[in-house]
Amino acid sequence: MNILEFTALVFAGSLVAGLVGSLTGLGGGVVLVPLLTLFFKVDIRYAIGASLVSVIATSSGAAAAYVKEGFSNIRIGMFLEIATTLGALVGAIIAVWVSTSAIATIFGLVLLVSAFLSRKPRSPAERNTPPDPLATRLRLNGSFPDLEGVRNYNVQRVPAGFGIMFGAGALSGLLGIGSGAMKVLAMDQAMKIPFKVSTTTSNFMIGVTAAASAGVYLSRGYIDPGLSMPVMLGVLAGSLVGTCILVKAETKLLRLVFSAVIVLLGIEMLYKGLAGRL
Amino acid sequence: MIERAWTDQKIENILGNLLRAGVGLSAFVVFCGAVVYLTHHGHSTADYRVFQGEPSDLRSVPGIVRDALKIEGRGIIQLGLLFLIATPVARVIFSIWGFAAEHDRMYVVFTVIVLAILLFSLIGSTQM
């Protein structure tokens with residue numbers, strides 16, 4: 001395959017990943033690394049570098065739209081970014097010492113868990129929780145526009161959320177993904193932040209988290225311009241198209257299909273990783 | 001309190017535009033690099049099966065700028081990717097200013113910590 005054909009095919013694949021990722025809200029980054037390694041036979045280190053770059057692009061692009069709606073909480077985001085960027089730095093540094101088959105195995109597990117999390121019904125939101133002293137001191141509590149006007153919320157269990165965020169950052173740095181699902185888990189489940197605020201703030205944080213590991217990857221030579229170019233442009237174009245045609249039509253079915261694809265890719269990555277073939 | 005909410009909203013609007021501009025600029029530069037790269041190397045064989053790592057000039061900021069100025073496709077693309085990585089960093093720098101404008105000292109400190117981690121990754125890790 002020559003570079004022209006390779007670039008066109010990778011662009012097309014990334015476009016679909018970005019499109020489906022933004023339509024389902026599951027993020028396209030998580031399928032990029034399996035796509036590149038399993039179908040295009042790219043070394044997983046190059047794939048992770050390219051995926052990381054595309055994660056920064058989609059996160060910054062989407063955050064630009066969300067931030068104006070007034071849902072995201074920049075204080076929660078900035079405070080938790082201390083944890084995610086530290087985690088991302090640690091993840092990127094240890095990635096060099098971990099074998100590629102171990103990375104593939106961890107990747108497979110993360111794919112399976114994120115497919116499971118996306119299918120799990122959300123527990124009903126706990127409203128009117130009492131203010132937590134630590135959250136109050138850190139000025140994390142906020143409000144957002146709701147159907148009935150402005151809704152206030154009190155953030156709970158700050159240390160637990162901070163800890164999970166460190167883990168999310170480490171996974172992001174190790175695997176080159178946004179790990180948005182885990183960030184939402186920390187905010188929505190542990191810290192009892194309303195779902196809408198959690199998802200938009202998570203998106204806001206993904207870019208900064210990925211940038212923290214991108215520096216390490218760049219200096220280690222994992223970011224290849226020839227590969228990152230079609231991936232980044234493809235995912236970006238796909239997610240832009242996705243936000244434009246975000247009609248309510250059948251995202252439920254699409255989510256189901258996409259989750260099934262994630263499970264299949266997860267099993268394949270797990271198998272290849274355990275067999276030491278990646 | 002009302003005034004603070006207003007400032008928050010204003011800061012978020014500027015932030016949104018900053019992010020959009022950064023991504024737009026980076027995509028444009030990457031696209032220009034792609035045109036140069038594909039016209040020169042489009043017919044070579046693509047091979048990413050074996051990891052070799054990038055040549056040293058594509059691993060550091062000065063090297064990338066040098067390659068880009070020589071109108072080398074891969075250098076220009078890498079420069080565009082640098083702009084992309086710099087976008088969230090610019091957002092963090094801008095947030096320091098925003099929190100300072102609100103006299104929120106605690107959050108200025110938090111944001112400086114995040115910036116320090118980012119700069120360590122971008123600059124410090126090349127020396128490791």
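**Note on the predicted two-chain model**

1. Among contacts in chain B (heavy atoms within 4.5 Å) between residues at least 6 apart in sequence, 58% join residues at least 24 apart. The structure is a predicted model, in which local features need pLDDT of at least 70 and side-chain atom pairs count only at pLDDT 80 or more, while totals for chains, interfaces and linings use all residues. Residues are numbered from 1 along each chain as its sequence is written, chains are lettered from A and ligands numbered from 1 in the order in which they are written, and side-chain values use heavy atoms, leaving out hydrogens and water.

2. Chain B has 4 helices and 0 strands, in the order α-α-α-α from the N terminus. Helices (H or I, at least four residues) and strands (E, at least two) are DSSP runs, numbered from the N terminus.

3. Of the 128 residues in chain B, 47% are buried, that is, under 20% relative accessible area with a 1.4 Å probe, counting protein chains only. Chain B exposes about 6,900 Å², of which carbon and sulfur atoms supply 67%; the areas come from the Shrake-Rupley method with a 1.4 Å probe.

4. In chain A, strand 1 (residues 142-146) pairs with strand 2 (residues 149-153) in the antiparallel sense over 5 bridges; pairing requires at least two bridges found by DSSP. A hairpin of 2 residues joins strand 1 of chain A to strand 2 of chain A, and A:Phe144 stands opposite A:Arg151 in strand 2 of chain A.

5. Chain A averages a pLDDT (the predictor's confidence in each residue, from 0 to 100) of 87, with 93% of the residues scoring at least 70. Confidence in chain A is lowest in strand 1, at a mean of 81, and highest in helix 7 (residues 158-175), at 94.

Definitions and conventions. Buried means under 20% relative accessible area, exposed over 50%, partly exposed in between (1.4 Å probe, protein chains only).
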